[in-house]
Amino acid sequence: SQRPPSTLNEKRPFLYSRSRASGIIANRSLTWSHTPVYVAALLLGVRPIGYRPPSCDINYRTPDLLARHGFVYDSGLMDSDHPYRHASGLVELPMHWSLDDWNRYNYVPGYAASPILAPSFAVDAWAEELEGIVAVGGLFDLTMHPFISGRPARAAALEGLIARAQAMDGVWVAAGDEIAAWVAGLDLPP
């Protein structure tokens, strides 16, 4: 069955906090990172198993805290083009700013002064990144915010990109939990 474009993100908690993780002490970090988990479980009946920190802001304690509290994967580091395991067993699904819709579409006066790009321009840039990753092998982890990429022209362009990826030889289009399960089953050193 085909998954909707938002599947990867719907299993990740989205945090609403102005605190930076790098400045939070361990006990407060635990509370800060788990509030949305409990809210999602209570309201939706779904416990998130993947995590992406807001603005990819984490500290050195984050992966261990996530693993200790039942998370299966994280997607907040930009240190590789390939998924890997942390020493804690937590799987990392690396991302990159070039594959984030915020930088292409969002405009917030006084905060994000990037020009708002046409969906065709953004998708062409992502398609180039996809082709590059396919050529050398690795993870193409596209970050979509529903309030940004959910606009009709952007959603249609994204559907075209997904269809293009599905038509490429050797490409597996999967949700984060599926990729993390596959990585966890590999004999990779942490």
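Mentor: Quick ground rule before we zoom in: contact here means heavy atoms within 4.5 Å. Also keep in mind that this is a predicted model.

Let's settle on helix α5, residues 119-136. For context, the chain has 8 helices and 4 strands, and from the N terminus on they run α-α-β-α-β-β-β-α-α-α-α-α. Of the 190 residues, 41% are buried. Take the contacts in the chain with a separation of 6 or more: 55% of them come from residues 24 or more positions apart.

Start with the length of α5. Its 18 residues, at 1.5 Å a residue, should span 26 Å, and the end C-alpha atoms are 26 Å apart, which agrees. Just after α5, Gly137 takes a positive phi of about 90°.

Now for what α5 hides. Ala122, Val123, Ala125, Trp126, Ala127, Leu130 and Ile133 are its buried residues. An α-helix has 3.6 residues a turn, so residues three or four places apart point the same way. With that in mind, look at Val123, Trp126, Ala127 and Leu130, which are among the buried residues of α5 and also among those that meet α7. As a group, the buried residues of α5 pack against α4 (101-105) and α7.

Two packed helices are described by the angle between their axes and the distance between the axes. For α5 and α7 (residues 152-167), the angle is about 20° and the axes are 9 Å apart. Angles under 35 degrees count as roughly parallel, and that makes α5 roughly parallel to α7. The crossing of the two helices is right-handed.

Who does the touching? From α5 you have Pro119, Val123, Trp126, Ala127, Leu130 and Glu131; across from them in α7 are Ala153, Arg154, Ala157, Leu158, Leu161, Arg164 and Ala165. Sort that contact by class and you get 10 nonpolar, no polar and 3 charged residues.

Asp100 sits in the loop between β4 (91-92) and α4, and α4 is one of the helices that the buried residues of α5 pack against. So is Asp100 buried or exposed? Asp100 is buried, with a relative accessible area of 5%. Asp141 is 41 residues away from Asp100 in sequence, while their C-alpha atoms are 8.7 Å apart in space.

For a bit of contrast, hop over to the loop between β1 (50-51) and α3 (62-68), where Ser55 lies. Ser55 has a positive phi of about 55° although it is not a glycine, and Cys56, in that loop too, has a positive phi near 55° and is likewise a residue other than glycine.

One last stop is Val183 in helix α8 (residues 176-184), which is buried with a relative accessible area of 1%. Beyond its neighbours within four places in sequence, Val183 is in contact with Pro83, Tyr84, Arg85, Val91 and Leu188. Tyr73 is 110 residues from Val183 along the chain, and their C-alpha atoms are separated by 9.9 Å.

Terms used:
Residues are numbered from 1 along each chain as its sequence is written. This is a predicted model: local features need pLDDT of at least 70, side-chain atom pairs count only at pLDDT 80 or more; totals for chains, interfaces and linings use all residues. Side-chain values use heavy atoms; hydrogens and water are left out. Axes are lines fitted to C-alpha atoms, for helices over the stretch in contact, and angles run from 0 to 180 degrees between N-to-C directions. Angles under 35 degrees count as roughly parallel, over 145 as roughly antiparallel, 65 to 115 as roughly perpendicular and the rest as oblique. A crossing is left-handed if the near helix is turned anticlockwise from the far one by less than a right angle, and right-handed if clockwise. Ala, Val, Leu, Ile, Met, Phe, Trp, Tyr, Cys and Pro count as nonpolar, Asp, Glu, Lys and Arg as charged, and the others, Gly among them, as polar. The expected span of a helix is 1.5 Å times one less than its number of residues. Buried means under 20% relative accessible area, exposed over 50%, partly exposed in between (1.4 Å probe, protein chains only).
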